[in-house]
Amino acid sequence: MVTLAEVAQHAGVSASTVSYVLSGKRSISVNTRQRVERSIRELGYHPNAGARALASSRSNIIALMIPLRTDMYVPVMMEIAIAVATTARTHGYDVLLLTGEEGPDAVRRVAGSGLADGMILMDVELDDERLPLLRSTDQPAVLIGLPADTTGLTCVDLDFKATGALCVEHLAERGHRDVAVIGEAPAVYERHTGFAERTLDGLRTRARELGLRLLHRPCEGGYDAMAVTLARILDERPGTTGFVVQNESAVEPLLALLRQQGRAVPEDVSVVAVCPEQVAVQASVRLTSVAVPAQEMGRHAVEQLVAKLDGKGGDEVVLLPPELTVRASSGPAPVA
């Protein structure tokens with residue numbers, strides 16, 4: 001391990017000068033700074049994290065709270081987590097990943113222990129039980145998700161209400177009047193998870209405005225659960241010609257079941273999905289979809305948190321506008 005003293009000797013300066021270059025606490029001439037930085041690169045010096053934390057009262061760590069539940073699509077959650085980690089590194093931060101379903105206890109533990117300089121919270125519910133504690137602490141934090149009350153909070157999310165509305169508009173423009181929504185697992189709605197509730201709100205509100213009949217059915221995902229859900233939908237609404245799917249694990253089972261029943265996509269029924277781009281383009285029928293911008297959400301969250309840590313950011317809500325990409329799974333409603 002290269003020491004700070006060795007860097008100072010190599011650069012021909014004092015150890016305190018090297019320290020000031022690293023911390024930025026004092027003004028150093030351009031020539032001296034460049035000489036020190038060159039020595040740091042050539043020697044491969046890395047500041048001791050513990051010593052740096054003691055000197056700056058910072059850990060240079062961001063805590064990412066991402067409860068991994070069986071009823072959530074983990075690949076999207078991990079894509080957001082990777083975006084958080086890579087963006088954090090560009091700002092000089094490492095990421096502490098907390099995956100348990102600890103709720104307020106996790107917030108209390110991080111805020112009270114000095115484990116991290118700030119927090120990013122995922123899997124946000126409309127009435128998230130972590131928020132009262134978060135508002136009562138001075139720990140900088142950002143939510144990836146939108147609760148019912150955003151007062152005193154900084155949030156980043158896809159505009160899921162606008163997403164739902166966009167899906168309905170697309171089907172309505174093509175003449176579909178009976179639309180079924182295949183949603184997340186029932187537990188997601190029982191927890192009042194923000195993204196699912198807001199999408200449903202957008203779907204229902206816009207359907208009413210456009211005079212469409214809308215039927216929503218949660219689904220566990222997988223072939224057997226999708227078979228039961230589809231049978232129920234077609235029994236209740238046999239004239240259904242449009243499907244909106246917000247459940248990645250239900251996409252391929254739905255397409256397979258429609259094929260088995262002789263319902264061609266998009267000639268007989270149209271399917272629109274809210275899902276990652278990769279899921280849409282790799283499906284057996286390339287899906288018309290609104291992409292979940294996981295990387296963008298993670299990057300925005302880190303940038304908002306870093307701004308707060310630097311004393312430059314305030315409480316705000318950043319909603320990313322949805323974009324619908326038309327592919328092979330949607331077309332005009334069949335003529336009766």
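Is Ala116 buried or exposed, and what is its relative accessible area? Ala116 is buried, with a relative accessible area of 6%, where buried means under 20% relative accessible area, exposed over 50% and partly exposed in between (1.4 Å probe, protein chains only). The model is predicted, and local features need pLDDT of at least 70, side-chain atom pairs count only at pLDDT 80 or more, and totals for chains, interfaces and linings use all residues. Residues are numbered from 1 along each chain as its sequence is written, and side-chain values use heavy atoms, with hydrogens and water left out.

Ala116 is found in the loop between α6 (104–113) and β3 (118–121); helices (H or I, at least four residues) and strands (E, at least two) are DSSP runs, numbered from the N terminus. Leaving aside neighbours within four places in sequence, Ala116 is in contact (heavy atoms within 4.5 Å) with Ser59, Ile61, Ile62, Ala63, Val110 and Gln139. Pro75 lies 41 residues from Ala116 in sequence and 25 Å from it in space, C-alpha to C-alpha.

The C-alpha atoms of Met1 and Val244, 243 residues apart along the chain, are separated by 57 Å. In helix α1 (residues 4–11), Val7, Ala8 and Ala11 are buried. Seen down the axis of α1, these buried residues fall within an arc of 100° (taken from the directions from the helix axis to the C-beta atoms), so they line one face of the helix. Just after α1, Gly12 takes a positive phi of about 75°.

A search of the whole structure finds one aromatic pair, pairing being defined for rings of Phe, Tyr and Trp (its six-membered ring) with centres within 6.5 Å; planes under 30 degrees apart count as stacked, over 60 as edge-to-face and the rest as tilted. The ring centres of Phe160 and Phe195 are 5.6 Å apart and the planes lie at 50°, so the pair is tilted. Phe160 belongs to helix α8 (residues 160–173) and Phe195 to helix α10 (residues 194–210), so the pair ties together parts that are 35 residues apart in sequence. Phe160 counts as buried at 6% relative accessibility, as does Phe195 at 19%.

Helix α10 has 17 residues and reaches 24 Å from its first C-alpha to its last, close to the 24 Å expected at 1.5 Å a residue (1.5 Å times one less than the number of residues). Its buried residues include Gly194, Leu200 and Ala207. Among the elements covering the buried residues of α10 are α8, β6 (178–183) and β7 (213–218).
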